[in-house]
Amino acid sequence: MWTIIEQIFPYAIVFTIPLLITALGGLFSERSGIVNIGLEGLMIMGAFASAITVHYLQETMSNHTLVLWIGLLAAVVIGIIFSLLHAFASINLSADQIISGTAINMIAMALTVFLARNITGSGNIRITSGFSPMDIPVLSSIPVIGDLFFTKTYPTTWFILLVLFISAFILNKTKFGLRLKSCGEFPQAAEAAGINVRRIRYSGVMISGAFAGLGGALIILTYAGEFTGSVSGLGFLALASLIFGQWRPMGVLAATLFFGFASTIANVSQVIPELKVIPPIILKIFPYVVTLLALVVFSKSSRAPKAAGEPFDSGKR
Amino acid sequence: MRHTIVSIIAIILGLVAGGILMVLIGSNPLEGYTYLFQGALRNIERIGNTLATATPLIFAGLSVAFAFRTGLFNIGGSGQMLIGGLCATAVALSFDVSRPILILMMVLAGLLGGALWAFIPGLLKAKFNVHEVVSTIMMNWIAYWTVYYVVPGYFKGEFLETESRKLEEAQTLRSPFLTEMFQGSYINMGIFFAIIAVIIIAFIINKTTMGFELKAVGFNRYAAEYAGMRVNRNIILSMFISGALAGLGGVALYTGNASSIQIGILPSQGYDGIAVALLGANTPVGVFFAAILFGILYSGTGFMNAMIEIPPELANTIIAIIIYFAATSVLIERLLNRFRKRRSGQEMNGPVGKKGVS
C-alpha cells in the first residue's frame, strides 16, 4: 500500500497544482461577488498563450528555463486581458454572470482552436520540453517526507504553493483582502464605507483571469506538453473544488488535493494490481459523485459569498 | 419585438467579428461568407443537411429555454443528450421488433434517459438547494464516463473500440422518403419530432396552468410559494422536462444524424443549446429560428473550409461571439435607446426650427 502511495504521490501533486491555482483564482472572483464560470475558458486561453509562446521562443532562445517562465507570464497576461470581457459584462453591464461566463468558455474553446489550426495546421501545438522534475538537495534525503514531498518535484509546484500562502495572507490580513470579501458579502455596506465596489470586483475578476491562465499554462508546461484545444473540464472541476473547499484557501487546497488523488488513482488503476479489481468506471465517476454528495452535505451550512452572482445595485437595500 | 431587434443586432455583430477574424488570417470575408452560405443552402441536399444539423440544436435550445423559464440554468444538456443517445442506441441494438414500435421505444428511452439525468440535479436543487449549474456539470462528467465504459463493454463496434456498433438504416430515424426528397441528404424524422416539440412546448408554456406555474416560480419563487404553488415540485418537473428535451436531442443526434455513438466526446450541441436559447429569447419559436441559423453556420463552414483555407471552427467562434453580445444586450439596448431619443429629439426640434425660419 505504502509503495502505491509513494508512486502515485508525485503524479497526484502535478495534477493538483493547475487545479489549485485555478480554484484559487475563482476564489478571488467569487469572494468579490462575481461568479466566474468562465474559469475553463480562461485556462484554455492560458494554455494556448503559453504553448504558442514557448513553441516559438524555444526555436530562438537557448535558455530553456527562462523560456518556460516567459510562457507562464504570457499566460497570466492573456488570462487577465480575457477576463476583462467577463468583468466588463458582469460589472459594468450587469449581465447575467453565468451566461457571460459561458460565453467566455465558448469563445476560448472556439477561438484558440481556430487560431491554432491556422498556425500549425493540425490545431495542436507541441512544445519541445517543459519543466523537468528534480530532487531538492538535502531535504529529499529525509526519510518518508523526503520521498513524498521533495523528490521529483517541479519548481512551479513550490511557486504555486507560495502563491497560495500569499493569497491566504492577503485575503485574511490585508486591507485589500478584507475589502474584497466585504464586496462579496454586502456590497452596499462596503460602498457606504467608502469602498469602490466596482474597482475591487474588477481586481477580483482579473486575479481569477491571471490565476486560471497560469493553471492552464501549467498543464501544458508540466505534464501535457501539447495544446490540443481543451483542458478536459479542469476549469469546471476547479469551480467544484471552490465550493467543496467552502471558499477558503486552505479548504480549496484540501479539495483540489482530493480531486488530484482521486483522478490519479483512476488513471493508474489499471497498472496497479490492488486497484485493478475495482471497475474503472467506479473510480472515474468517484470524484464527481463525491462532489454531489459534498454539495448536499454542505448545503445547510454553506459559506458561499452572499452577494456572489448578483449584479451590484448600489441603491438596493 | 425588442428582443428580436437585439438578437438580430447580436447576430450582425457576431458575423462582423467573424469577418474581422477572416481578414486577420488573410482571407477575404466576402468570399468566405459566400462559400459559407452556399455550403449551407446551395442545393436541396445541402438544405436537408442544414436542417438535420439544426435538429439537435432545436432540442438542446428548447431544453435550456424551458428550464430557464423556471429560473433554472440547465448547463448539463451535453450529458443528458449523451445518455439519451446511449439509451436509444441500446434499445435499437437490443430489441428485434417491427420498425414503428422500435422507433417509438427508442424515442421513449432517450426521453426518459435524458429526463432522469436532469431529474437528479432538479431533486438536489429542490430538496437541498444545491446549485444546478455545478450539479449538472458533475452529471455531464458522470455521463461521459458512463458512456466511455458502457459502449465498449456492451455495444462494441466491429472495427473500432471507440464507438458502438453501427445501426442499420431501419434502426435509425432515417426514412427513405426523406432521403429521396432531399436527394441523399442525411435529414431524418428528427426534424419533425423537433417541430412537434416546439409546438408542444410553446403550448405548455403559454396556454397551460403548468406552464404558468413554472414561469411564476421563475419570476419569483417566494411569491409563487405564497400563492400556494408547490415550488419544489415545479423545479423538479421543469428539470425533468428540460432533460427529456435534451435526451430527445441525443436521440436525433446519435440515431438520426449519426448511426453510432462515440466515446470520449461530450456533444458540443448541449453547450450550443445555451446559445440557441439565449438568442431565441427563451421562446420556442425563437429557439427554432436561432437553431436554424446555427445549423447554417455549422453545415456551411465545412464547405467553406474545403473551398478556401478557413478553419471550420470559425462557426463556433461566431456563435460564441454572438452569445457574448446577446449576454451584454444591455449595451445594445442602451445604444438603441440613445438612438431613439436622439431621433425623437430631432423630430421635436425640427418643426420648431422651421418655425424660426419662417
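Is Glu163(B) buried or exposed? Keep that question for the stop on chain B.

The model is predicted, with local features needing pLDDT of at least 70 and side-chain atom pairs counting only at pLDDT 80 or more, whereas totals for chains, interfaces and linings use all residues. Residues are numbered from 1 along each chain as its sequence is written, chains are lettered from A and ligands numbered from 1 in the order in which they are written, and side-chain values use heavy atoms, with hydrogens and water left out.

**Chain A as a whole**

Select chain A. Its secondary structure comes to 13 helices and two strands; helices (H or I, at least four residues) and strands (E, at least two) are DSSP runs, numbered from the N terminus. The C-alpha trace spans about 60 × 45 × 40 Å along its principal axes. For 317 residues a compact globule would have a radius of gyration near 20 Å, and chain A agrees, at 20 Å. That radius is taken over C-alpha atoms, and the globule rule is 2.2 Å times the number of residues to the power 0.38.

Of the 317 residues of chain A, 56% count as buried. Buried means under 20% relative accessible area, exposed over 50%, and partly exposed in between (1.4 Å probe, protein chains only). Chain A exposes about 13100 Å², with carbon and sulfur atoms supplying 68% of it; the areas come from the Shrake-Rupley method with a 1.4 Å probe, and for residues only the protein chains shown count as cover.

**Helix α9 of chain A**

Next, select residues 197-224 of chain A, which form helix α9. Its 28 residues should span 40 Å at 1.5 Å a residue, and the end C-alpha atoms agree, at 39 Å apart. The expected span is 1.5 Å times one less than the number of residues. Of the 28 residues in α9(A), 20 are buried. Gly225(A) follows the helix, with a positive phi near 80°.

**Salt bridges**

Over all chains the structure holds five salt bridges, each a side-chain nitrogen of Lys or Arg within 4 Å of a carboxyl oxygen of Asp or Glu.

Pick Glu226(A) and Arg126(A), a salt bridge whose closest N and O atoms are 3.7 Å apart. Glu226(A) lies in strand β2 (residues 226-227) and Arg126(A) in strand β1 (residues 125-126) of chain A, so the pair ties together parts that are 100 residues apart in sequence. Glu226(A) is partly exposed at 24%, while Arg126(A) is exposed at 52%.

Arg117(A) pairs with Glu313(B), with 3.6 Å between the closest N and O atoms. This bridge crosses between chains, from helix α4 (residues 97-120) of chain A to the loop between α13 (284-307) and α14 (314-327) of chain B. Arg117(A) is partly exposed at 30%; Glu313(B) is buried at 15%.

Now go to Glu163(B), which forms a salt bridge with Lys166(B), the closest N and O atoms being 3.2 Å apart. To settle the opening question, Glu163(B) is buried, with a relative accessible area of 13%.

**Ser63 of chain B**

Stay in chain B and select Ser63(B), in helix α3 (residues 44-69). Ser63(B) counts as buried, at 1% relative accessibility. Leaving aside neighbours within four places in sequence, its contacts (heavy atoms within 4.5 Å) are Asn74(B), Gln80(B), Ser242(B), Leu245(B) and Ala246(B).
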